[in-house]
Amino acid sequence: MAKSWKTRLIHSDVRVPQGYRSLASPVFRGSTTLFPDAASVDDSWDQYEVGYTYGLYGTPTTLELAGKICELEKGYRTIVTPGGQGAISLINLALLKSGDHILIPENVYTPNRQLARNVLRRFGVETTFYPPEVGAGIKDLLRENTRLVWCESPGSITMEVEDVPAIAEAAHARGVLVALDNTWAAGVYFDAFAHGVDINMQALTKYVGGHSDVLLGSVTVKDSKLYQQLGATQQLLGSAASPDDCSLALRGMRTMAVRLHHIEASALQIARYLAARSEIDLVLHPGLEGSPGHELWKRDFTGSAGVFPIVFKPQATKAEVLAFVDGLELFEIGYSWGGVTSLAVAYDFHGSKGRPDYGHRIVRLNIGLEDTADLIDDLERCLGQVWGK
Ligand SMILES: *Cc1c(COP(=O)(O)O)cnc(C)c1O
């Protein structure tokens, strides 16, 4: 019997020529994954072990991105998450249980801190926030029940560089795991596993995506035990990354070296220009000679990113700082960073006890791919406009 057109909408006899090849990574979308026969049906999440079973655990597009991140970070395996913050929560939820204690740097990415304070605490996980300069001194903060030490280097907004190898050595001496938020280094400027890190994550949203149009994260581990723990938890959390987003990240990766190269040089040139301006007290760029953390950065990193804050002189009023950000023409105002567009965000930053208190004087810049001289012109014009000559 001839099939109805309604059935043909779904079961068609159309065949396209085989053998197509292109340079682009194909986007494999799918919830249902087909099995060859009834006996092969399986719901295991580890697609490397059992083959493809369900879209939630990854399609070839997701796994291609995971594989390429893993290769760059020199890990055992990578899990792609729907955002950088999703990678952070996956790590915590996979590795912690009620009664555990964790250590988090005081300058950590704010949602990481809030996850510990607002969510992990409800599940009986206790957090101590430690000064990012702690180094080997972390040993005095380790408790019987400490399970995980978080590092983020340089830290968000204030950019202190951590002595990760010293922290890892002290943690490992007590059997404690070390997780690193390696977003600033794009997974390439700091070799996490060579410096003792056990779990390396980054927000692919930033330099891997590179165009401010995608939210993705990654978690890379160096052994199969951690991979099993993280993978099994991700299955249950149900947090799958979209293959369409992964294909954008795969495209972003192809140009990442050139973008990073330009951004590093441009940001350093702009940082040097700003450091010489009388209106500015501090330029907190670890790649800048004489900046806090520069020596550790030089020891451990192979490059620097394009996001850094400037701190205006104490006499700068809040209204002046806001007028400066508003007056910039090439720098747009908005969160996130790592894209092609330069950004400026004013913070009202009051560090916790013992931390620097920059108040309203701190502005974070993200340097994009615009011409460096044009960006400096914009900054110079705006500094003159607000603070006069
Ligand atoms: C942006 C960022 C994240 C979170 O990434 P999202 O993809 O926006 O969730 C985590 N850590 C750091 C250091 C970041 O800058």
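In what order do the 4 strands of the open sheet run, and is the pairing parallel or antiparallel? I looked that up first.

I'm working on a predicted model, where local features need pLDDT of at least 70, side-chain atom pairs count only at pLDDT 80 or more, and totals for chains, interfaces and linings use all residues. Residues are numbered from 1 along each chain as its sequence is written, and side-chain values use heavy atoms, with hydrogens and water left out.

The order is 8-9-11-10, and the pairing is antiparallel. I took strands (E, at least two residues) and helices (H or I, at least four) as DSSP runs, numbered from the N terminus. Two strands pair if DSSP finds at least two bridges between them. At the edges I found strand 8 (280-283) and strand 10, each pairing on one side only. From one strand to the next, the twist averages 30°; the axes here are lines fitted to C-alpha atoms (for helices over the stretch in contact), with angles from 0 to 180 degrees between N-to-C directions. Strands 10 and 11 are joined by 7 bridges, and I see A346 opposite V363 in strand 11.

**Whole chain.** I count 11 helices and 11 strands in the chain. The radius of gyration is 23 Å, close to the 21 Å from the globule rule for 389 residues, so the chain is as compact as a globular protein of that length. That radius is taken over C-alpha atoms, and the rule is 2.2 Å times the number of residues to the power 0.38. The C-alpha trace spans about 85 × 50 × 35 Å along its principal axes. Buried residues make up 52% of the 389; buried means under 20% relative accessible area, exposed over 50%, partly exposed in between (1.4 Å probe, protein chains only).

At least three residues come from each of domain 1 (56-250) and domain 2 (253-387); the domain bounds come from an automatic or database domain assignment. Leaving out residues up to four places away in sequence, V149 touches L103, Y130 and I138, among others. Contact means heavy atoms within 4.5 Å.

**Strand 1.** Why is strand 1 (residues 77-81) largely enclosed by the rest of the structure? Because 5 of its 5 residues are buried. I checked both faces: R77, I79 and T81 are buried on one side, T78 and V80 on the other. Strand 1 pairs with strand 7 (residues 217-221) in the antiparallel sense over 5 bridges, with R77 opposite V221.

**Two single residues.** L379 sits in helix 11 (residues 372-387) and counts as buried because its relative accessibility is 0%. Beyond four places in sequence, I list I270, Y273, L274, F324, L328, F331 and L365 as its contacts. A166 is in helix 6, and at 16% relative accessible area A166 is buried too. Its contacts beyond four places in sequence are G135 and A136.
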